[in-house]
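Trainee: I've got the sequence and the model open side by side, and I'd like to go through them piece by piece. Can you help me read them?

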Amino acid sequence: MDRRTFLKASAGIGALASTGGLSAPALAQGAAARTLRFVPQANLANFDPIWGTQYVVRNASVLVWDTLYGVDDKLEPQRQMVESEEVSADGLTWTFKLREGLRFHDGERVLAKDCVASLARWCVRDGMGQMIRAIQEELVAVDDRSFRWRLKSPYPKMLLALGKNNTPMAFIMPERLARTDPFQQITEFVGSGPMRFARNEWVPGARSVFTKFDQYQPRREPASWLAGGKRMLVDRIEWHIMPDPATASGALQNGEVDWWETPLTDLIPTLRRNRNIAVDIADPLGNIGSFRFNHLHPPFSDVRARRAVQMALSQEDYMRAVVGDDNNMWRLLPSFFTPETPLYTEAGGEPLKGPRNIDAAKRLLAEAGYSGQPITVLVAQDQAPLKAMGEVTNALLRSLGMNVDFVATDWGTVGQRRSMKNPPGQGGWHIFHTWHAGADCVNPAAYLALRANGEQAWFGWPSSAEVEAARDRWFAATTLDQEKAAVADMNRAAMQHVTYIPNGFYLGYQAWRRNVTGVVKAPIPFFWGVAKS
Amino acid sequence: MLAYIIRRILATIPVMVVVALFVFSLLYIAPGDPAAVIAGDQATPADVERIRASLGLDRPFLVRFGAWAWDIVRGDLGTSIFTNLPVSLMIKQRIEPTLSLMIITLLLAVGIAVPMGVVAAWKAGSWIDRAVMVFAVFGFSVPVFVVGYLLAYVFALELDWLPVQGYTAFSEGFGPWFENLILPAIALGGVYIALIARITRATMLEVLQQDYIRTARAKGANQGSILFLHALKNAAVPIVTVVGIGVALLIGGAVVTESVFAIPGLGRLTVDAILRRDYPVIQGVILLFSFVYVLVNLVVDLLYTLFDPRIRY
């Protein structure tokens, strides 16, 4: 027992002894053991997973809302709310039947009409949902437990769309909430997930609280990421927002919190030295760093200029800047896709392999017509990985003889400025950095950043018919071999086009108190199966 | 006096109008896009544009300002772009921790700094005086967050006497409430103590040279009553002025302190809102801080009459 607890207990016992009530400490300890205190990666400022697609919103939403399907740790969609599905021989009609006994937190049964309304709302905001909506004939409730989705053309990736972990996920809400405009927030947070959201205890930016939903019926199968039985072993989960990593580290060491989602790499040695704390990889799917070009304006409107940077770029430099000297936390990535996943390919990745060639890069840059104009690089100083990437980019471009306009700003400004298509000298940009969760890069389904559909593409607006054609082939593929072939083509085409440059693959840590068990490595912090003694 | 108070309160209206216009204009021209933050990194440019339109952020400046100003006049601080909660509710959730921190810091600072300054003036030129001045230099020089980290390391992590972070509401007990605030108050109070101690010392030195002090000594008054009854009372006006001005330091320092100690106060609310570009929250909180600061200055002016009966309004 530490000094503070002893002093408090002595004072408490003294006070309680005078009143005759000595049982409170045991009760308090029991309640504490059923409450899990978690420090999330970011502030949960809003709580509509369709309206706000940030990862932290999704991570909280999986507690409150359930999905029809959920991917397991092999990224295969498994039934969750669905009892069975039927697809017609021509692939045009999908009929889904819900499990019995599903209830929302307000006590109402989950009905097929709730699923219809929820999917209609999700389709507006999600890439795969938009594809389905484009070929939709009808989406109707057949009866209370069944609904039907009729399409104009087959969509083999239907179950993946409904069960993927990429945001926005296809969460099922009560019909009255799901009828909210997808570009407006819902006003109630009622779901059918294993936890309720304690709205009266929500202090946005400081604390969010979830309490166990006793009527939740988990599946019988063992839990595996978003699939299987979501059995809650704690009654209450408190999310404590701590913007300062040193404070979060101190709180974890002091036992004031139980689980920290994203500890800073620099603090890991300190946490490892504490025998009460366990440290391990958070998400085996990791992250892919991104060096993003603006394809609309010179010099990077010329593929030769982009290839010049590609042949000079050292992924090792970027990764050491981002994660430090722990070689277990990063690897070289001659690919746009997540390593050690079924579709991973290095086809066409030669430009990112082997020794870097600065001289050849300079020659290619000159061929592309670069003549010393300032290169505007947007660098978010309030995001540690991006700040590090920006410093390396500054050095890289200068080594190529480029004139760098280093714009040190915050992520909010980067977010606004990167959407501007103006020339860089008029408020636009040439380069910015970001990273993509590995879970979003396992296949083309939600990989917005790899699209090359020109003006409709993600920021940078790359345009490549070959990349888009390969993507379309993946969506149409019905076998794993077909998918692999399509992804290899997409990777090759994107490397040649230099859609963007992946500047490495890196992992992050998570840390928790040793009296907490059941923490798994996954792209989302899963609370089912987590217990606290 | 009452007329003076009423005049001063009415005078806050034009001040608030200027502050409101300035803040709104600054946010309008500042870079950043809340729609992009809301939409997230996976959103398309079209999504961002649609969200911007749904939030009314594509409307002209005068339309937006006019709508917001009209709401303010009706007592409505607006709704947060992100949380969809009323700004007034968000402020209400966060005001107690900030107020608690500021009050404890103020009491701590005045309680330590004034006696320090008095003793330093009394023992001018001695090692005590020099120690106080050295402390003042450190108080000004060492950033709040550095002091905060050091205090948390020593008293929370190493000695385990106090918590590292957090806030417990006053309604849950004085002990836990005070426990959570003592380290942040010390961290935040450092620069405040340094400032007040120096001003107290300087003012006291001047007052201790006055004839009436010599007269009091000649009449046999003890040192304590000379310092605290005769001298300090006459030195109080500049001290109170500095305490009032220092409230602005407290407000600014609270932002850093609340982040370091994870206190869910208005300071953190402001920082989060600025980083997200949650315009209604930023505007609402800054208006509140401005109003509080104006009121504090009024209270300071009124306190003058307590210490110097020659001052009457």
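**Sheets, helices and where the chains meet**

Trainee: Strand 14 and strand 21 of chain A run antiparallel. How many bridges join them?

Mentor: Bear in mind that this is a predicted model: local features need pLDDT of at least 70, side-chain atom pairs count only at pLDDT 80 or more, and totals for chains, interfaces and linings use all residues. Residues are numbered from 1 along each chain as its sequence is written, while chains are lettered from A and ligands numbered from 1 in the order in which they are written. Strands (E, at least two residues) and helices (H or I, at least four) are DSSP runs numbered from the N terminus, and two strands pair if DSSP finds at least two bridges between them. For strands 14 and 21 of chain A, the number is five.

Trainee: Is Gly508(A) buried or exposed?

Mentor: Gly508(A) sits in the loop between strand 20 (501–506) and strand 21 (509–513) of chain A. Beyond its neighbours within four places in sequence, it is in contact with Thr262(A), Ala282(A), Asp283(A) and Asn287(A). A residue needs 20 or more other C-beta atoms within 10 Å to be buried, 12 or fewer to be exposed, and is partly exposed in between. Since Gly508(A) has 20 such neighbours, it counts as buried.

Trainee: What is the order of the open sheet of four strands in chain A?

Mentor: Begin with the hairpin of strands 7 and 8 of chain A, which has four residues between them. Strand 7 (136–141) and strand 8 (146–151) pair antiparallel over five bridges, and Val140(A) has Arg148(A) as a bridge partner. The pairing in the sheet is antiparallel, and the order is 5-6-8-7.

Trainee: How many residues of helix 4 of chain A are buried?

Mentor: Helix 4 has 14 residues and reaches 21 Å from first C-alpha to last, close to the 20 Å expected (1.5 Å times one less than the number of residues). What covers its buried residues includes strands 6, 7 and 8 of chain A. Among those buried are Asp114(A), Arg121(A) and Trp122(A), and the total is eleven.

Trainee: How many residues of chain B are in contact with chain A?

Mentor: On the chain A side, the elements giving two or more residues are helix 1 (3–19), helix 8 (245–253) and helix 14 (411–417). The chain A side counts 43 residues, divided into 13 nonpolar, 21 polar and nine charged. The number from chain B is 44.

Trainee: How many helices does chain B have?

Mentor: Its C-alpha atoms fill a box of roughly 85 × 55 × 35 Å along the principal axes. Of its 313 residues, 39% are buried. There are zero strands, and the helix count is twelve.

Trainee: How far does helix 12 of chain B reach from its first C-alpha to its last?

Mentor: Helix 12 (279–307) has 29 residues, and its buried ones include Tyr279(B), Pro280(B) and Phe289(B). Those buried residues pack against helices of chain B including helix 5 (87–122) and helix 10 (223–260). The reach is close to the expected span, at 42 Å.

Methods. Two residues are in contact if their C-beta atoms, placed from the backbone, lie within 7 Å. Ala, Val, Leu, Ile, Met, Phe, Trp, Tyr, Cys and Pro count as nonpolar, Asp, Glu, Lys and Arg as charged, and the others, Gly among them, as polar.
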